[in-house]
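Dear colleague,

Please find below a structure that I am handing over to you for further work.

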Amino acid sequence: MIHWSLIVSALGVCVAALGGYAGWILFPNMVHKKVEQSVIIDEGSEQYKRFVNLPQPLNFKVYIFNVTNPDRIQQGAIPIVEEIGPYVYKQFRQKKVKHFSRDGSKISYVQNVHFDFDADASAPYTQDDRIVALNMHMNAFLQVFEREITDIFQGFANRLNSRLNQTPGVRVLKRLMERIRGKRKSVLQISENDPGLALLLVHLNANLKAVFNDPRSMFVHTSAREYLFDGVRFCINPQGIAKAICNQIKESGSKTIREQSDGSLAFSFFGHKNGSGHDVYEVHTGKGDAMRVLEIQKLDDSHNLQVWLNASTEGETSVCNQINGTDASGYPPFRQRGDSMYIFSADICRSVQLFYQSDIQYQGIPGYRYSIGENFINDIGPEHDNECFCVDKLANVIKRKNGCLYAGALDLTTCLDAPVILTLPHMLGASNEYRKMIRGLTPDAKKHQTFVDVQSLTGTPLRGGKRVQFNMFLKSINRIAITENLTTVLMPSIWVEEGIQLNGEMVAFFKRKLINTLKTLNIVHWAALCGGLVVAVISLLYYIYQRGRVEEPPVK
């Protein structure tokens with residue numbers, strides 16, 4: 001007859017085997033299936049509600065580079081800047097869904113964004129702080145004028161005729177326009193002794209005062225509120241040629257310049273982002289393939305951008321124009337150590353690859369940290385097979401012989417229709433060709449590197465931020481009096497951090513829905529496995545011990 005301890009030992013082995021099966025096969029498959037179901041964007045589901053309205057606002061922090069020596073810069077001195085901020089805003093995102101695809105695998109939407117100033121988080125800074133910052137709109141206009149004189153003046157030549165008839169020297173101006181109409185030339189390609197150009201520039205210099213409020217330097221004295229959102233006004237009651245220039249600026253369609261109720265114009269960095277969106281996104285819902293959830297399929301009904309250079313004359317889409325990844329509000333589930341993923345940022349017109357860095361813990365939630373690599377803005381050029389980013393739209397600036405900028409800088413001219421240069425905050429990792437020309441920068445990888453912490457199972461962002469800086473070249477422009485003594489430098493304007501830090505309510509929700517369940521399943525797994533093995537071993541030892549006592553000969 002089988003001893004009861006062997007039966008108990010066998011049961012222990014069965015329980016251990018069941019615990020191993022459950023913990024390594026059954027439970028993971030159950031969790032995987034549950035996560036797949038939970039991340040799919042299905043109309044009316046909880047995930048759909050979170051998709052349409054983000055459960056918590058994003059943090060939007062802006063740091064302004066206040067210029068401390070504007071008068072000396074006008075005389076050729078190297079700029080000295082001082083970072084002020086952060087000016088913190090809560091960024092609310094709401095998606096206006098247009099439709100699902102027939103098979104439910106795609107969803108199209110327009111995203112509305114609203115910013116609320118967070119006075120408590122910004123203290124001691126306020127939106128009424130006075131600042132001295134680069135006059136972005138005037139600098140942009142002058143640089144566009146330098147390179148694209150034909151486009152600027154031919155575009156409104158007809159509208160000028162009626163006004164020019166009242167202007168001295170009109171025949172010379174007209175002859176100049178007719179002569180350059182057939183062949184594009186930059187200002188620097190036209191002879192410095194050309195009397196037509198000289199007269200044209202006399203008029204431009206004279207009308208800068210009327211267009212840009214009688215500027216004394218390339219810097220504007222304004223408030224943080226105006227510079228960032230409300231707008232720095234210009235083109236106030238212009239007359240004659242100045243009015244024609246203002247009309248051309250207005251009709252250029254720049255997102256950062258808006259017409260005011262009194263007819264004047266106003267420049268702001270983010271005013272155009274505050275309100276209804278216009279870009280139409282189509283993203284994957286995860287139906288049929290959860291690993292593609294939130295992946296952008298189309299932007300404005302196109303699979304690719306038409307911003308950067310393409311790979312061939314046949315128009316084959318270059319790597320620079322490809323739209324990859326999500327919009328950074330979420331990521332596909334089931335992340336693995338050592339993998340990479342993409343985010344797409346419409347603000348800089350490009351996809352950005354993020355690489356696994358390390359395991360992390362955020363308030364008891366395990367995850368992975370991802371960060372940008374050298375291929376973001378450091379490794380750009382023909383030697384890195386991405387020369388399509390080298391649009392070479394800037395004349396007489398600090399750049400390489402092949403037209404690419406030096407490491408750490410990206411020309412966004414074709415993205416923003418303005419000569420804006422992207423770097424990391426404080427020009428972190430940028431070439432010394434740029435950093436040596438600015439005083440007051442203090443790059444710090446911990447503060448200025450882009451990163452995101454992601455819950456590896458669900459792809460939920462836990463903490464992180466996109467950190468970028470916007471700059472413009474400041475330089476002397478031929479025959480423009482206000483620029484004649486400037487030293488060529490890459491001038492920082494602002495840097496921003498757009499990110500998230502999961503709040504206490506969302507952490508509690510996440511733990512309740514997932515982490516606690518995973519912990520319970522893990523306890524069941526190891527309790528069954530270890531408990532079964534312990535019972536099996538003890539029972540087996542007990543059986544051996546008892547059998548030894550029975551077989552032991554009696555002592556005489």
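Predicted model: local features only at pLDDT ≥ 70, side-chain atom pairs only at ≥ 80, totals over all residues.

Residues are numbered from 1 along each chain as its sequence is written, and side-chain values use heavy atoms, with hydrogens and water left out.

Salt bridges

The structure holds 18 salt bridges, a salt bridge being a side-chain nitrogen of Lys or Arg within 4 Å of a carboxyl oxygen of Asp or Glu. One of them links lysine 49 to glutamate 46, with an N to O distance of 3.7 Å. Both residues belong to helix H2 (residues 46-52), where they are 3 residues apart, about one turn of the helix. Helices (H or I, at least four residues) and strands (E, at least two) are DSSP runs, numbered from the N terminus. Lysine 49 is partly exposed, at a relative accessible area of 48%; in these notes buried means under 20% relative accessible area, exposed over 50%, and partly exposed in between (1.4 Å probe, protein chains only).

Another salt bridge joins lysine 399 and aspartate 392, whose closest N and O atoms are 2.5 Å apart. Lysine 399 is partly exposed at 24% relative accessibility, and aspartate 392 is partly exposed at 32%.

Lysine 466 and glutamate 498 also form a salt bridge, with 3.1 Å between the closest N and O atoms. Lysine 466 lies in strand S17 (residues 461-474) and glutamate 498 in strand S18 (residues 489-501), so the pair ties together parts that are 32 residues apart in sequence. Lysine 466 is buried, at 19%, and glutamate 498 is buried, at 10%. Through shared partners, salt bridges join Arg93, Lys466 and Glu498 into one network.

Strand S16

In a regular strand, side chains alternate between the two faces of the sheet. Strand S16 (residues 451-454) is covered on both faces: Phe451 and Asp453 on one side, and Val452 and Val454 on the other, are all buried.

Two strands pair if DSSP finds at least two bridges between them. S16 pairs with strand S13 (residues 365-372) in the antiparallel sense over 4 bridges, and phenylalanine 451 is the bridge partner of serine 371. S16 and S17 also run antiparallel, joined by 4 bridges, with valine 452 opposite glycine 464. These two strands, S16 and S17, form a hairpin with 6 residues between them, and glycine 459 in the turn has a positive phi of about 80°.

With kind regards
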